Amino acid sequence: MNSNQGCLSKSVLLEIIQAQRFGVEYQPIIDLASNSVVAYEALSRFYNHEGEAIRPDIVYASLHENPITLFQVEYAQKQLQLAERPTGQLFVNLDQDAFFATDVETHNNPFIQLIRRQDKDKVVVELIENSEINDAIMSLSMIEAFDALGIETALDDMCHPHSMISVSVLQLVGWVKLDRCVLRMAQNEVFMTFVKQMIQFARATNKKIVLEGIETEADLETAKQLEVDYVQGFLYRPHFINKMP
């Protein structure tokens with residue numbers, strides 16, 4: 001791995017792809033009121049030939065250099081995540097660049113077709129809040145496509161300091177996921193004023209609110225004070241599916 005650039009060497013990346021050393025972690029989403037699991041988020045996992053975990057963000061940073069390869073890996077990951085899913089509602093992340101890597105019409109997009117084969121009330125498509133206007137435009141196009149099919153969508157990383165808020169995107173999604181940085185900046189009064197206003201907006205427009213990054217009882221107490229609907233994080237035991245040859 002080239003740690004200076006935060007990317008994998010081509011040989012390591014190729015070995016992971018060819019051997020399909022993929023896995024998935026299903027992280028539970030917890031109802032804050034009842035402390036029960038209401039859904040899971042499927043998180044991509046990757047491994048080298050020795051079975052050691054490789055950070056997903058490094059793998060995806062490397063894959064973005066080749067959009068078609070990115071599409072192939074993302075599609076294989078989604079197939080695995082949907083095939084091995086626990087019962088109940090499942091959140092799946094969808095990379096905008098992977099979604100638009102093919103030259104087909106949106107309604108024929110392979111990701112659209114794959115998710116349409118699921119019960120539409122059982123899958124929530126999660127899109128990352130971005131800092132680039134082009135990414136926001138792509139997110140809106142994707143959300144509109146899934147919305148037309150009656151498939152729920154969620155906006156991830158809300159309130160991240162480097163994200164850009166698209167009003168059009170925010171209006172369409174049914175779920176808002178607050179970034180873990182909300183917990184780190186809980187003592188910043190100005191920042192938390194903004195967070196609370198976003199929560200009020202979400203609640204006024206009937207959106208469900210998830211706070212990510214819950215790792216301690218103190219984090220859980222912050223979530224209760226903010227009066228979010230759901231929480232997610234390593235305080236709760238995830239489910240793993242390792243698909244390694």
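Mentor: For the charge count, Lys and Arg are taken as positive and Asp and Glu as negative, while His and the chain ends are left out; each charge is placed at NZ of Lys, CZ of Arg, CG of Asp or CD of Glu. On that basis the protein carries 20 positive and 34 negative side chains, with the centres of the two sets 5 Å apart. The model is predicted, so local features require pLDDT of at least 70 and side-chain atom pairs pLDDT 80 or more, whereas totals for chains, interfaces and linings use all residues. Residues are numbered from 1 along each chain as its sequence is written, and side-chain values use heavy atoms, without hydrogens or water.

The whole comes first. Ten helices and ten strands make up the secondary structure; these are DSSP runs numbered from the N terminus, helices being H or I of at least four residues and strands E of at least two. The radius of gyration is 18 Å, which agrees with the value near 18 Å for a compact globule of 245 residues, the rule being 2.2 Å times the number of residues to the power 0.38, over C-alpha atoms. Along the principal axes, the C-alpha atoms fill a box of roughly 50 × 40 × 35 Å. Of the 245 residues, 51% are buried, that is, under 20% relative accessible area with a 1.4 Å probe and protein chains only. Contact means heavy atoms within 4.5 Å; among contacts with a separation of 6 or more, 65% join residues 24 or more positions apart.

Now the packing itself. A nonpolar core is a set of buried Ala, Val, Leu, Ile, Met, Phe, Trp, Tyr and Cys residues joined through side-chain atoms within 4.5 Å. The largest one holds 67 residues, and Leu178, Val182, Leu211, Val228 and Val231 touch the most other members. Helix 3 (residues 67–83) gives this core its largest share, seven residues. A second, separate core has eight residues, including Ile29, Val124, Ala154 and Val210. In soluble globular proteins, nonpolar side chains tend to be buried together.

Helix 2 (residues 56–63) buries Ile58, Val59, Tyr60, Ser62 and Leu63. These residues pack against helix 1 (10–19), strand 2 (37–47), strand 3 (53–54) and helix 3. Leu63 has a relative accessible area of 1%, and therefore counts as buried. Outside four places in sequence, Leu63 touches Leu13, Ile17, Thr69, Leu70 and Val73. Its C-alpha atom is 9.6 Å from that of Glu74, eleven residues away along the chain.

Phe111, in helix 5 (residues 110–116), is buried at 1% relative accessibility. Leaving aside residues up to four places away, Phe111 touches Phe71, Glu74, Tyr75, Lys78, Leu94, Ala98 and Phe99.

Thr153 belongs to strand 6 (residues 152–158) and is buried, with a relative accessible area of 3%. With neighbours within four places set aside, its contacts are Val124, Val125, Leu127, Ile143, Phe146, Leu172, Val173, Gly174 and Trp175.

Note on methods: Buried means under 20% relative accessible area, exposed over 50%, partly exposed in between (1.4 Å probe, protein chains only).
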